[in-house]
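Trainee: Can we go through this model together? I'd like to start with the charged side chains and then move on to other things.

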Amino acid sequence: MTGSKQSGTIEKVAAVSAGAIIISAVVYWTIQVVGMLEFLEMAYG
Amino acid sequence: MELLPFFEWAETSFLGYIGKNYGGVYATFGQSVHLMALAVLGGSVLIADLRLLNIILRDVPSEVVADQAHKWFRIALVVILSSGIFMAAAVAQRMYYNDFFWAKMSALLVGIIFVFAVKRPLLKGRHDEINPIVIKLVAVASILVWFSVAATGRWIGFSG
């Protein structure tokens, strides 16, 4: 595999994995914050 | 694979015994060292990633910042893992039933794999040869994953 092909593959892997991490983190923390807000509303009205 | 027997064993191990019965050792070698290492790791992540996002240290080449920050990242990671194992051993069974402990371990595993299998290989060479959008995506993902490690870690202390 040539150097440019290899760096292209690394860039693709980096873009896909970074995108997956960003989406997962946003979904996870949105669920946590919504859950916390619902809990606070139940507890304090 | 059933992990509970391992956690039960960890709590009765030498590390678990020391952490459980000697509060001073737990607080100093465990918590304090763990939090200081977390500060170093968080600092190295933020310095490198904010530089990759062109927010700070714009007069220093990003290759230099990323390389220097990674050296401190590795040191901090070793200290965090060592002190974290010591701390978790003392309360291993409580950790086993804590959802945030598993969220932290998952984020930590993803973070370590991302840094050593993706981020470092990508950033080893010249950064001006890499697509700038990919560099920024990697920087944002890195900040988010280590934020998740820190936030879920602190959440353990306020849950259960």
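**Salt bridges, a histidine and the interface**

Mentor: Arg126(B), Asp128(B) and Glu129(B) are linked in a network of salt bridges. Keep in mind that this is a predicted model.

Trainee: How far apart are the closest N and O atoms of Asp128(B) and Arg126(B)?

Mentor: They are 2.6 Å apart in the salt bridge between Asp128(B) and Arg126(B). Glu129(B) also meets the side chain of Arg126(B) in a salt bridge, with 3.7 Å from N to O.

Trainee: And are Asp128(B) and Arg126(B) buried or exposed?

Mentor: Both Asp128(B) and Arg126(B) are exposed. Glu129(B) is exposed as well.

Trainee: How many salt bridges does the structure hold over all chains?

Mentor: Five, over all chains. One of them joins Lys20(B) to Glu11(B), with the closest N and O atoms 2.6 Å apart.

Trainee: Is Glu11(B) buried or exposed?

Mentor: Buried, because its relative accessible area is 15% and the cut-off for buried is under 20%.

Trainee: Changing topic. Where is His34(B) found?

Mentor: In helix H3 of chain B, which covers residues 23-52. His34(B) has a relative accessible area of 9%, so it counts as buried.

Trainee: Which side chain does His34(B) join in a polar contact?

Mentor: That of Ser83(B), at 2.9 Å. If you set aside neighbours within four places in sequence, the residues in contact with His34(B) are Ile80(B), Ser83(B), Gly84(B), Met87(B) and Lys104(B).

Trainee: OK, zoom out. How many helices and strands are in chain B?

Mentor: Seven helices and zero strands. From the N terminus on, the order of elements in chain B is α-α-α-α-α-α-α. Its C-alpha atoms fill a box of roughly 55 × 35 × 25 Å along the principal axes.

Trainee: What percentage of the residues of chain B count as buried?

Mentor: 43% of its 160 residues. Chain B exposes about 8800 Å², and carbon and sulfur atoms supply 70% of that.

Trainee: What about contacts in chain B between residues 24 or more positions apart?

Mentor: Such pairs account for 79% of the contacts in chain B with a separation of 6 or more.

Trainee: Now the interface. How many residues of chain A are in contact with chain B?

Mentor: 14 residues of chain A, and they are in contact with 22 residues of chain B.

Trainee: What area is buried between chain A and chain B?

Mentor: About 1400 Å², of which carbon and sulfur atoms give 82%. On the chain A side, Glu11(A), Ile21(A) and Trp29(A) supply 40% of the area that chain A buries against chain B, more than any other three residues.

Trainee: How does the side of chain A that touches chain B split by class?

Mentor: That side has 11 nonpolar, two polar and one charged residues.

Trainee: How many salt bridges and polar contacts are there between chain A and chain B?

Mentor: The salt bridge count between chain A and chain B is zero. Two residue pairs are in polar contact across the interface, both at pLDDT 80 or more.

Conventions. Residues are numbered from 1 along each chain as its sequence is written. Chains are lettered from A and ligands numbered from 1 in the order in which they are written. Side-chain values use heavy atoms; hydrogens and water are left out. Contact means heavy atoms within 4.5 Å. Buried area is the accessible area (1.4 Å probe) that two parts lose on being put together, summed over both. A salt bridge is a side-chain nitrogen of Lys or Arg within 4 Å of a carboxyl oxygen of Asp or Glu. A polar contact is a pair of N or O atoms within 3.5 Å; within protein, one must be able to donate a hydrogen and the other to accept it, and residues adjacent in sequence count only if both atoms are side-chain atoms. Ala, Val, Leu, Ile, Met, Phe, Trp, Tyr, Cys and Pro count as nonpolar, Asp, Glu, Lys and Arg as charged, and the others, Gly among them, as polar. Helices (H or I, at least four residues) and strands (E, at least two) are DSSP runs, numbered from the N terminus. Buried means under 20% relative accessible area, exposed over 50%, partly exposed in between (1.4 Å probe, protein chains only). Accessible areas come from the Shrake-Rupley method with a 1.4 Å probe; for residues, only the protein chains shown count as cover.
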